[in-house]
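Student: I have the sequence and the model open. Can we go through a few points, one at a time?

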Amino acid sequence: MAERASSPPMTPIARGHVLLAAAACLLPLLLQLPLALGLGYGLGALVVAAASWRKPLPFWLRLLLGGCGLLAVLAVAPGIGRDSACAVLAAMLALKPAETTSLRDGRSLVGFALFGPFATFLLDQGPLSLLLALAAVLLALLALQRLAADEGEVPDTHAASLVQRPAVVAVLRLFALGLPLALAAFWLFPRLPTPLWGLPERSIAKPGLSDSMTPGGMFDMLLDDSPAARVQFFGAVPAPSQLYWRGPVLWDFDGRTWHQAQALQLFTPAPMQAAGTGWEYQIELEPSETRQLVALDLPTQLPEGARVSLDYTPWADTPQYSVSRWRMHSAPPAVFEADLPAALRERALALPQGYNPRTLALGQQWRREAGHDSHGRSDAAIAQRALSMIEKNFAYTLNVPMAGRNEIDDFLFDRKEGFCEHFSSAFVVLMRAAGIPARVVTGYAGGYRNPVGGYWLVRKSDAHAWSEIWLPKRGWVRVDPTAAVAPERVYDTLADRQPGRIGNFTGLVKVFNTADWLRRGWNDFVLGFNAQRQRDLLKPLGVNSLQPRDLALLFALIAGAALLWMRWLIARGERQRDPLLRAWHALDMRYRKLGRGRHLHEPAQVWATRVAADTPHAGEHLSTLAARVAAARYAPALSRDALHQLLRDLRRHRP
Amino acid sequence: MLAGLRQRLQRWMRPRGPEVLPVQLDRHRIYVLPTASGLFFGLLLGTMLLGALNFNNNPALLLALLLAGTALASLIAAHMQLSGLRMDAVSAEPVAAGEDLQLRIALSTADARVRRGLCIRLADRFTHTRLDANGTTVALALATTQRGLLPLPRVELRTVQPLGLARAWGYAWPAQALLVYPAPETQAPPLPQAEGGQGHPQLARSGEDPHHLRGYRPGDAPRTVAWKASARRNNLLVREYELPRGGELKLDWQHTHGLPYEQRIRRLARWVDDAEREGRRYALNLPAALPIPYGNGAQHRHLCLRALALLPTEARRG
């Protein structure tokens with residue numbers, strides 16, 4: 001069994017298989033890298049594969065190319081992060097074909113290439129990545145099969161085409177054979193409730209809600225129609241104008257950018273009185289890679305592992321790298337922090353020195369005109385005045401030029417058009433100038449109800465920023481200046497916001513709805529599965545909490561069953577195909593146990609006579625049986641019933 | 001130590017002794033272990049599983065598990081490649097010691113499944129074959145070192161199909177011995193003088209003295225045609241020559257008196273070959289064996305060489 005020292009070279013066909021598998025493994029990874037890197041590596045891999053088709057590239061050239069690949073990573077995604085590590089892996093994979101000549105090289109390339117889909121999943125778990133990864137795995141298995149066939153050195157007569165159907169069928173059969181065990185392990189193998197080591201951050205952040213907001217910065221998100229959350233309501237469903245999904249609350253403005261008040265995040269939530277019973281729902285969030293969560297305005301009850309801060313920003317205890325599910329309760333506030341502590345009030349009124357003089361002047365002028373009162377009527381009047389001004393004179397557009405120093409002045413007095421960030425930011429600054437405590441709230445607004453699954457789909461393009469002003473007795477009140485201008489945009493009621501709709505053509509909407517519903521199911525059963533969900537696995541059967549020990553036991557049980565099944569398959573593969581011969585051999589076996597089995601050279605009748613010498617009755621029966629078997633085997637075909645009768649008699653016969 | 005362990009393992013594997021052909025491989029005698037690339041693959045999957053579990057990355061976990069499941073299934077598929085395989089017969093033409101026996105191993109399957117990349121190994125020689133429902137016969141060389149009956153060693157049947165991650169193997173140990181003739185002596189003296197030396201002349205197609213002409217028979221070589229004589233008559237005539245051939249030759253154990261034991265055998269083997277080449281009739285007298293009467297031809301040569309091959313070794317002769 002000693003391995004041969006040198007591995008034989010690959011045949012061109014096998015090389016084609018291996019390169020195809022490597023390319024398929026590399027592709028999903030390249031799609032997740034920054035465009036320049038992905039494109040560069042893809043082209044590089046093609047060139048390397050073509051150049052090294054006949055003989056491996058010289059060592060110095062490989063070294064040089066490797067250096068170039070690493071430099072490219074440093075240039076595009078500097079720092080040590082998950083994505084830069086993945087980029088390095090992609091570079092190595094793209095270069096590996098340069099030195100792949102022998103069978104063993106081919107095997108190791110296929111092995112390494114399988115890290116491609118794996119790394120892809122660390123960056124993205126979307127359906128495209130999944131499909132590509134599945135294809136890559138199948139191609140890798142095909143390549144392994146091809147390499148094994150080549151080791152047999154048997155010239156294959158149908159080796160003309162690259163991928164042959166029998167080979168594909170064989171691989172799919174292996175895949176199906178391993179599937180039950182793999183699935184059992186997936187659902188039952190005990191999961192780690194907390195990771196042993198953390199996942200490295202990305203070097204380049206993905207667009208998403210963040211702890212700061214620069215007017216214009218949400219632009220990328222507003223064009224991204226990928227899902228951000230899916231929500232299933234239990235019972236009452238809020239009206240479209242109530243669909244505000246609360247994310248980071250921003251307090252601090254430096255003239256250009258709004259920031260979250262990190263210090264406030266440690267305090268317990270402010271007192272709040274709900275108006276009405278509120279809504280019970282389950283929200284399923286796409287991975288944000290941060291601890292930030294999103295909840296319907298205002299969250300009143302959160303599950304274990306999540307909490308809200310003083311300003312009702314929802315947080316998870318750990319960063320969310322995969323789809324997470326949260327069961328929450330929210331209610332509209334009747335009174336929300338009616339007693340505003342002085343420190344908070346000061347913070348909610350602070351404005352940077354030397355910015356936006358015209359806005360400040362307008363705010364102060366409005367305050368003078370409205371006067372002061374302790375009931376907040378003047379405050380409400382000022383807010384109303386601002387809203388009506390915006391409603392009358394302003395327009396919604398995504399087409400906004402670069403911001404200048406006094407961005408809010410420009411927006412309020414000259415440009416008079418923009419999107420949610422501009423509206424909320426300008427409104428809050430105006431309110432603060434008029435002495436009304438105010439803050440910016442970011443998150444999502446609206447949602448699309450998918451009729452297929454009866455749930456609400458919130459997309460990244462639903463990202464929104466609105467304002468909250470503080471009024472005496474009532475506390476914080478939500479004011480959405482954007483909704484005053486373009487309510488249909490905010491509440492997602494525009495017909496052309498339907499997913500899958502192209503212009504007036506709605507034929508694809510159903511397809512998209514169904515696809516999203518399927519994706520939700522996939523999220524539910526696969527992506528969002530974790531230690532918590534595993535514990536609750538048998539809840540429908542009345543088992544409240546599965547302990548790791550029970551899980552291990554259950555897993556061992558099912559794995560044992562799967563192994564038994566495999567053993568049965570093996571035994572079945574060996575058995576005689578002809579039922580008649582099988583029954584005849586089984587009968588012989590019964591005699592053999594008594595030491596009276598048929599000798600190899602012995603005709604059946606001679607054997608029957610020998611048996612009859614000891615036990616005349618059994619021998620006689622055996623003799624007729626042998627004659628019948630011979631007739632069934634060599635005479636014209638027996639009728640079905642006669643054959644069954646013979647089989648029954650053979651099985652019943654005992655020595 | 002590792003070699004010792006391997007040897008003990010080898011001894012433990014079935015079959016533990018020679019058995020009568022045909023032999024069918026079944027699950028009691030098929031062994032499956034990962035190959036080097038299988039171990040590498042396992043390490044890779046282990047890394048993937050650990051990473052996926054740690055990051056609770058479900059698609060990655062599922063991917064690794066699917067690969068692991070497939071790898072496991074490939075173990076079974078490797079097993080199935082061998083199970084039901086039957087070795088029906090092994091045969092080989094005898095050769096002189098030192099040459100390679102060209103074994104012909106007849107294989108068949110109990111079912112119609114096609115077995116690809118089947119490796120048949122005997123000592124350090126191996127060959128690959130592909131087997132379908134019709135069965136096949138593979139040729140494999142086996143080195144020989146000494147005359148006599150060479151008991152067949154265990155024949156290994158193995159495969160790395162379908163994915164090259166696992167090697168399945170099983171042994172067949174045919175209870176069969178193959179005859180190996182003694183190696184003829186390379187520089188032997190000429191054949192001993194025929195007894196009596198009065199050999200009668202025989203006719204042959206070539207030789208020194210033309211004897212007479214006869215009519216052409218199909219199959220006569222053109223160069224034996226006597227063209228001039230044929231031209232005078234109207235049919236083809238062929239010359240026949242007279243060749244003095246040696247008389248009957250008695251090869252006797254005693255002729256080799258004074259030589260070491262094995263060399264005596266090798267010299268006699270050489271003489272048998274020489275006599276056969278010269279077309280003489282010869283007989284062989286060996287101690288403690290029935291004398292082989294006069295004769296020649298392949299069958300006769302086989303009888304003589306077989307008798308020589310089966311002479312007891314010197315030690316046993318005692």
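Student: How far apart do the C-alpha centres of domain 1 of chain B and domain 2 of chain B lie?

Tutor: Keep in mind that this is a predicted model. The domain assignment of chain B gives domain 1 as residues 2–181 and domain 2 as residues 202–243. Taken over those domains, the C-alpha centres lie 61 Å apart.

Student: In chain A, what distance separates the centres of domain 3 and domain 4?

Tutor: The assignment for chain A places domain 3 at 546–574 and domain 4 at 579–652. Over C-alpha atoms, their centres are separated by 38 Å.

Student: What should helix 20 of chain A span at 1.5 Å a residue, and how far apart are its end C-alpha atoms?

Tutor: Helix 20 of chain A has 15 residues, 579–593.

Student: Why do the buried residues of helix 20 of chain A line one face?

Tutor: The buried residues are A:Ala583, A:Trp584 and A:Leu587. In an α-helix there are 3.6 residues a turn, so residues three or four places apart point the same way. Seen down the axis of helix 20 of chain A, the buried residues line one face because they fall within an arc of 100 degrees.

Student: Which residues are exposed on the other side of helix 20 of chain A?

Tutor: The buried side has helix 22 (616–634) and helix 23 (640–652) of chain A among what covers it. On the other side of helix 20, the exposed residues are A:Met589 and A:Lys593.

Student: Which residue with a positive phi follows helix 20 of chain A?

Tutor: Its phi is near 80 degrees. The residue is A:Gly595.

Terms used
Residues numbered from 1 in each chain as written. Chains lettered and ligands numbered in written order. Predicted model: local features only at pLDDT ≥ 70, side-chain atom pairs only at ≥ 80, totals over all residues. Helix = DSSP H or I, 4+ residues; strand = E, 2+ residues; numbered from the N terminus. Expected span 1.5 Å × (residues − 1). Buried ≥ 20, exposed ≤ 12 C-beta atoms within 10 Å, placed from the backbone. Arc of directions from axis to C-beta. Contact = placed C-beta atoms within 7 Å. Domains from an automatic or database assignment.
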